[in-house]
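I opened the model to look up how its parts pack against one another, and I kept notes as I went.

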Amino acid sequence: MNERQTKLVNNTDRHRQLVLDAERWLWAHPQTGFTEWEAHNYLVEKFQQLGYEPVLAGKIPGFGDIPGFYVDVCTGKEGPTLAVFGELDALDIANHPESVNGMTHCCGHHAQAAALLGLAAALKEPDALEGLCGTVRLIAVPAEEMIQLGFREELRKQGVIKYFGGKTEFMHRGILDGVDLAIMVHGTAAGEGEPYDLSCEYGNNGCMAKTIRFKGKSSHAGGAPHLGINAQYAAMLGLQAVNDLRETFQEQDTIRFHPIMMGVNCAVNIIPDEMKIESYVRGKTLDAIKRENKKVNRAMAGAALALGAGVELTDRPGYAPEHHDKAFMKLVESCCIDLVGEDRVQFDYDEWSTGSSDFGDITCVMPGVQFNAAGATGTFHGIDFDPKDPERLCMNSIKAQLFVIDALLQNEGVAAKKIVADYQPEYPSVKAYLEAIDEMVLDKDAVVYDEKGNPTVDFQN
Ligand SMILES: [Zn+2]
Ligand SMILES: [Zn+2]
């Protein structure tokens, strides 16, 4: 750690209590995507107390009201703009012992939001921007978890949002316009013996969000099942068909299909006339996702046809595959090593995770790195998740990000400029990316019968 970095560490430690209090407060106020108003209001007030004027995502003219905001930290010198994200949303997981109204921050996003606040505070210290150029855009973003697809579809129909992911929606709202590169720190559980404090892998699967609604006909389950059409059986058959297709998914595409049945809305003595399934198709490339998704939809149509049922297919863009720029990763890794030492840092330049994040949408158009701060225990998205060590989860995250900001934007931003110049984004602009994913939207009544009972099958655009 050099003298400058020691200063940045001290700048952070001065706000330790603010961060730790925020971590506890946000943990106790979990809300799911696009409803995170408590966290939003809390953070807006705290940012204002620090002297910032947050730009509210929900107040941008022409768009619906959603939580989330950004502030620009300007160095006063021309240079690159770096986005730093902190996510706001929790998960539905009522069985977690500390769940509030059925929700818990069991992905640790509350720690990210607390760290974003700490970062904002540290960047207000008198010497914080010394020697730097350009702008740091701190972004509190909603709705990373791709859940409650029915609710988001309602928001979409009402015109409140266009995209299901918060970062994608922020891209759509122009919040990433003029941004050159991006970072984000997610929490992680280092596991037994706590072998590291900071880590990073090369990338993540992308995904498509799917709602599949089988339509049958209700009737008396005991007395007259012959008059009914069992939507639950059709759904089960559809899922079995996809299970039989799994061996046609190729390893290189890292496809994941993990449906959940959303339950029936009737009694045990009624043949169920509706069964909804939510799922993703995840994969390593958007092409692979689209290709395998077609098979999934065909299987659903086939299953509906076999039972004489109907099926509505609703596909929405999920997230793009996330690729971390390797030169950028190197810079981040060396900052992490400066902070905690080589033996506490674990960067893997090849590892591919089969989860997904809307940070992938960001890396489609600009260089970005999402790295991890350890400090949680238990299972992510599990009932034993525990953000046990906020010192490592939040404080390490803030310090590492300050080091990265410094490394990128010092010396006229030469490091940031080189990373940006060398990067070959998948899409030339936010607009081009959004147009490409708009093509994934599909709304089909996939099996329709004429008077004779002959079907018309249509499961693709
Ligand atoms: Zn998560
Ligand atoms: Zn997460």
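I am working with a predicted model, in which local features need pLDDT of at least 70, side-chain atom pairs count only at pLDDT 80 or more, and totals for chains, interfaces and linings use all residues. Residues are numbered from 1 along each chain as its sequence is written, while chains are lettered from A and ligands numbered from 1 in the order in which they are written.

Domains. I found the protein chain divided into domain 1 (3-204 + 321-426) and domain 2 (207-319 + 439-457), with bounds that come from an automatic or database domain assignment. Their C-alpha centres lie 36 Å apart. I noted that 15 residues from domain 1 and 15 residues from domain 2 make the contact, where contact requires C-beta atoms, placed from the backbone, within 7 Å.

Helices. I looked up α1 (residues 3-13) and α11 (residues 390-409), whose axes come within 10 Å and cross at roughly 140°; this makes α1 oblique to α11. Helices here are DSSP runs (H or I, at least four residues), numbered from the N terminus, and axes are lines fitted to C-alpha atoms over the stretch in contact, with angles from 0 to 180 degrees between N-to-C directions. Oblique is what remains once angles under 35 degrees (roughly parallel), over 145 (roughly antiparallel) and 65 to 115 (roughly perpendicular) are set aside. For the residues, I recorded that Arg 4, Gln 5, Leu 8, Val 9 and Thr 12 in α1 meet Met 395, Ile 398, Lys 399, Leu 402, Phe 403 and Asp 406 in α11.

Notes
Helix = DSSP H or I, 4+ residues; strand = E, 2+ residues; numbered from the N terminus. Contact = placed C-beta atoms within 7 Å.
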